[in-house]
Every structure is written in structure tokens, then in C-alpha cells.
Amino acid sequence: MSADVLSQAESRHQQPETTTIRRPFRAPPAQKEGPRSNRDIRVPMVQLIDSEGENRGQTPTQEALAMAEEAGLDLVEIVPTANPPVCKILDLGKLKYENQKKAAEARKRQKTIEVKEVKMRPNIDDHDYETKMKAVRRFFEDGDKVKVTLRFRGREMAHQELGMRLLNRVREETTEISKVEAEPKLEGRQMMMVLAPRA
């Protein structure tokens with residue numbers, strides 16, 4: 001044995017070999033959206049409602065599947081908790097489409113209320129004030145809440161009554177369309193008040 005081969009053999013003995021066994025990654029079975037249908041219905045009997053909406057009573061699942069195939073439709077589980085489950089012969093694609101449409105409609109109706117912030121200075125001039133108030137009214141029309149924030153700079157902190165006066169003016173001018181949700185309060189160098197639209 002040559003010296004070269006010997007030194008290789010020795011170095012192999014010095015370093016312990018570690019082998020990591022890697023298991024192949026198995027993704028969990030994908031959860032199907034919506035009700036079980038066709039071959040996913042694995043119970044022996046079902047309570048069958050045919051494509052005309054007639055109750056056929058308890059029917060062997062295989063027979064119900066054959067009827068659905070014959071009609072060119074799907075067998076869909078509509079009451080999985082019943083014993084046996086209630087299944088109906090219908091067009092699954094159409095059902096999914098209608099359910100998506102209903103969900104989209106519900107999302108449209110469910111408006112999320114946002115809190116919009118309007119920043120003012122205690123000694124704001126009339127023009128700026130009117131511009132800010134237009135924005136405040138627009139937010140109320142959209143159904144959003146409004147947080148009015150006044151920021152005091154330097155010596156303005158000595159005149160907090162100016163800030164309070166301004167917030168009260170905003171409150172009075174919007175009293176018909178809004179109600180105070182959080183009374184004016186001072187936090188550090190800021191004074192704030194939250195108004196919500198009247199329902």
C-alpha cells in the first residue's frame with residue numbers, strides 16, 4: 001500500500017462520517033373547496049334529490065352517480081351532516097359560480113370603515129380650514145371616521161386653548177352629520193379628537 005493511499009485511509013478514520021436521512025417532502029393533501037361531489041362521496045347510501053328537485057329517498061351511491069352521469073351533471077353533497085347525507089344532482093360548475101357571485105356581492109356590501117386623519121395647525125388660516133373641512137365632510141359621506149389632529153410647535157404649547165377652540169369649532173360645524181367618538185385630548189405635542197358619521 002502506498003503512503004498516499006495510507007494517509008487517505010487514516011484521514012477517513014479520523015473524521016466520523018455523518019449521514020443525514022432526508023425524508024421526501026410530502027405536501028398535505030389539498031383541501032377541496034366547496035361541497036364533496038361525485039367520486040369524493042364515499043358513503044354507501046345517500047338521500048337523493050334528482051335534477052328535477054324530486055326527493056328519490058335513500059339510494060345506493062353508485063346508482064345515484066350513474067343517474068348524474070346519465071344526465072351530464074354532478075352528484076353534489078348538500079347536507080353532509082344528515083344520515084345518510086343529502087345529495088343532489090346538479091351542475092357543480094354553475095353552483096360554484098353562483099356561490100362566488102354571492103360572496104362577491106356580500107364583500108361589496110360589507111364596507112370597511114376607515115379612520116381618516118385630518119391634520120391642522122392651531123393657528124390655521126380660514127382658507128386652509130375650509131379646505132380641510134371639505135375633506136372632513138367628504139369622509140363622513142363615504143361612511144368613514146375622522147381623526148382630527150392638531151400639532152403644536154414650539155411656543156404654541158402655551159396656547160392649548162386655541163387648539164381646544166378649533167376642535168370645538170370642527171365639532172359644532174359637523175354636529176348634524178357626525179358624533180364625537182373620542183373627546184379632544186392632548187398627547188405629547190398633539191391634540192386629537194375622533195368623530196364618527198351619524199348612522
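This is a predicted model: local features need pLDDT of at least 70, side-chain atom pairs count only at pLDDT 80 or more; totals for chains, interfaces and linings use all residues.
## Around strand 4

V76 stands opposite K88 in strand 4. Five bridges join strand 3 (residues 74-79) to strand 4, and the two run antiparallel. They form a hairpin, with six residues between the strands.

How buried is strand 4 (residues 86-90)? Four of its five residues are buried, so the rest of the structure largely encloses strand 4.

## Strands 1 and 2

Strand 1 pairs with strand 2 (residues 55-60) too. The sense is antiparallel, and the pairing covers five bridges. Within it, V46 has T59 of strand 2 as its bridge partner.

Strand 1 and strand 2 form a hairpin with five residues between them. G53 sits in the turn and has a positive phi of about 90 degrees.

## The chain as a whole

The chain has five helices and eight strands. Read from the N terminus, the order is α-β-β-α-β-β-α-β-α-β-α-β-β. Of the 199 residues, 27% are buried.

Take the contacts with a separation of 6 or more: residues 24 or more positions apart account for 54% of them.

Helix 5 spans residues 160-173, which is 14 residues. From first C-alpha to last it reaches 20 Å, close to the 20 Å expected at 1.5 Å a residue.

Which residues of helix 5 are buried? They are G163, L166, L167 and V170. These residues lie on the same side of helix 5, because they cover an arc of only 95 degrees around the axis. An α-helix has 3.6 residues a turn, so residues three or four places apart point the same way. On the other side of helix 5, R165 and E172 are exposed.

What do the buried residues of helix 5 pack against? Their partners are strand 5 (115-120), helix 4 (126-141), strand 6 (145-151), strand 7 (178-187) and strand 8 (190-197).

## Q160 in helix 5

Q160 is placed in helix 5. Its relative accessibility is 30%, so Q160 counts as partly exposed. Setting aside neighbours within four places in sequence, Q160 is in contact with F152, L186 and M191. Q160 and Q190 are 30 residues apart along the chain, and their C-alpha atoms are separated by 9.8 Å.

## Two buried serines

S178 is in strand 7. With a relative accessible area of 3%, S178 is buried. Which residues does S178 contact, leaving aside its neighbours within four places in sequence? The answer is F140, L195, A196, P197 and R198.

S37 is in a loop instead, between helix 1 (3-14) and strand 1. Its relative accessibility is 12%, under the 20% cut-off, so S37 counts as buried. Beyond neighbours within four places in sequence, S37 is in contact with L75, V76 and L92. V76 is the residue that stands opposite K88 in strand 4.

## G93 in helix 3

G93 is found in helix 3 (residues 92-109). Is G93 buried, exposed or partly exposed? At 46% relative accessibility, G93 counts as partly exposed. G93 and L73 are 20 residues apart in sequence. In space, their C-alpha atoms are 9.5 Å apart.

## Rings and charges

How many aromatic pairs does a search of the whole structure find? The count is zero.

Arginines do sit over rings. R169 lies over the face of Y129, at 3.8 Å from the ring centre. R138 lies over the face of F139, at 5.6 Å from the ring centre.

Methods: Residues are numbered from 1 along each chain as its sequence is written. Side-chain values use heavy atoms; hydrogens and water are left out. Rings of Phe, Tyr and Trp (its six-membered ring) pair if their centres lie within 6.5 Å; planes under 30 degrees apart count as stacked, over 60 as edge-to-face and the rest as tilted. A charge sits over a ring if NZ of Lys or CZ of Arg is within 6 Å of the ring centre and within 35 degrees of the ring normal. Buried means under 20% relative accessible area, exposed over 50%, partly exposed in between (1.4 Å probe, protein chains only). Two strands pair if DSSP finds at least two bridges between them. The expected span of a helix is 1.5 Å times one less than its number of residues. The arc is that of the directions from the helix axis to the C-beta atoms. Contact means heavy atoms within 4.5 Å.
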